[in-house]
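Biologist: I would like to learn how to read a protein model feature by feature. Could you take me through one slowly, with the general idea before each case?

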Amino acid sequence: MGAPPADPAADLAAAPLLDRPAFIRANTALIAPPHVPELRLHLAVEAMDLWERTEEELGEMGLPPPFWAFAWAGGQALARHILDAPELVAGRRVLDFAAGSGVVAIAAKRAGAASVTASEIDAFALAAITLNAAENGVTIELETRDVLDPALAAEFAGFDVVLAGDVFYEKPMADRVLPFLKACEARGALVLFGDPGRSYLPKTGIEKLATYDVAVSRALEDSEVKRTSVWRFSVPHPG
């Protein structure tokens with residue numbers, strides 16, 4: 001899960017005194033996410049401790065909360081689905097939108113994608129993705145621009161697969177993401193998104209491909225296990 005700051009460009013330029021990789025290493029541990037034990041990611045051990053620390057230390061700089069430090073339910077489910085059905089991405093060019101920790105991007109590359117681009121506008125998430133990709137022996141390309149900017153639409157027309165984990169958690173984000181994902185599908189991409197039923201997941205026009213019970217942090221979620229599905233837009237049926 002990733003969160004757009006008010007000014008992405010300012011985010012990328014912020015915190016010049018901080019060594020982001022060092023900050024990530026110091027405040028996380030290498031952990032195998034419960035539903036994707038094949039992977040190891042730099043994740044927060046004490047969820048609220050890191051959340052509060054980053055809010056306190058980085059909040060004055062206008063940086064977003066550390067979504068990159070957690071393996072959210074939607075991302076874990078989508079990563080699991082990709083690893084179990086590698087034919088969905090094998091040999092294809094993949095975009096992982098709002099990549100967060102990079103769990104979905106890394107799973108796609110491990111499943112045989114020809115190339116994987118992780119889209120993020122949080123500078124700490126970008127650093128975490130780089131560290132996590134190296135830890136898992138894969139190369140992930142980074143896209144630092146806001147891919148939801150309509151002016152950039154033509155540049156993202158070449159992706160065969162677009163993946164998004166846990167992106168419908170707030171209305172402003174959902175209102176921008178949904179048209180983007182639909183446009184990707186209209187251009188011919190396979191679009192898959194993982195979501196445990198967040199408030200702004202579309203209520204119609206989508207269908208489940210798979211459902212998983214994903215262990216999550218009780219400090220950040222309303223339960224210790226989230227029933228989470230992988231979705232796609234509904235395919236029209238003749239008649």
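Biologist: How many helices and how many strands does the secondary structure of the protein come to?

Modeller: Helices (H or I, at least four residues) and strands (E, at least two) are DSSP runs, numbered from the N terminus, and by that reading the protein comes to seven helices and nine strands. Please keep in mind that this is a predicted model, in which local features need pLDDT of at least 70 and side-chain atom pairs count only at pLDDT 80 or more, while totals for chains, interfaces and linings use all residues. Residues are numbered from 1 along each chain as its sequence is written, and side-chain values use heavy atoms, with hydrogens and water left out.

Biologist: What percentage of the residues of the protein count as buried?

Modeller: Buried means under 20% relative accessible area, exposed over 50%, and partly exposed in between, with a 1.4 Å probe and protein chains only. Of the 239 residues, 54% count as buried. The protein exposes about 10400 Å², of which carbon and sulfur atoms supply 52%; such areas come from the Shrake-Rupley method with a 1.4 Å probe, and for residues only the protein chains shown count as cover.

Biologist: In which order do the seven strands of the open sheet come?

Modeller: Two strands pair if DSSP finds at least two bridges between them. Here the order is E5-E4-E3-E6-E7-E9-E8, with mixed pairing, and the edge strands, each pairing on one side only, are E5 (141-143) and E8 (206-215). Neighbouring strands of this sheet are turned by 20° against each other on average, direction ignored, where axes are lines fitted to C-alpha atoms, for helices over the stretch in contact, and angles run from 0 to 180 degrees between N-to-C directions.

Biologist: How many bridges join strand E6 to strand E7?

Modeller: Five bridges join E6 (residues 161-165) to E7 (residues 190-195), and the two strands run parallel. Strand E7 is mostly covered, with five of its six residues buried.

Biologist: How should I describe two packed helices, and at what angle do the axes of H4 and H5 cross?

Modeller: Two packed helices are described by the angle between their axes and the distance between the axes. The axes of H4 (residues 73-84) and H5 come within 8 Å and cross at roughly 5°, which makes H4 roughly parallel to H5, given that angles under 35 degrees count as roughly parallel, over 145 as roughly antiparallel, 65 to 115 as roughly perpendicular and the rest as oblique. Contact means heavy atoms within 4.5 Å, and this one is made by Gly75, Leu78, Ala79, Ile82 and Leu83 of H4 and Val103, Val104, Ala107, Ala108 and Arg110 of H5. These residues divide into eight nonpolar, one polar and one charged, where Ala, Val, Leu, Ile, Met, Phe, Trp, Tyr, Cys and Pro count as nonpolar, Asp, Glu, Lys and Arg as charged, and the others, Gly among them, as polar.

Biologist: What covers the buried residues of H5?

Modeller: Helix H5 is mostly covered, six of its eight residues being buried, namely Val103, Val104, Ala105, Ile106, Ala107 and Ala108. The cover includes strand E2 (41-43), H4, E3, E4, H6 and E6. Helix H5 (residues 103-110) lies across E3 (93-97), E4 (115-119) and E6, running at about 175° to E4.

Biologist: At what angle do the axes of H2 and H6 cross?

Modeller: The axes of H2 (residues 20-27) and H6 (residues 123-135) cross at roughly 70° and come within 9 Å, so H2 is roughly perpendicular to H6. Arg20, Pro21, Phe23, Ile24 and Arg25 of H2 meet Ala123, Phe124, Ala127, Ala128 and Leu131 of H6, a set with eight nonpolar, no polar and two charged residues.
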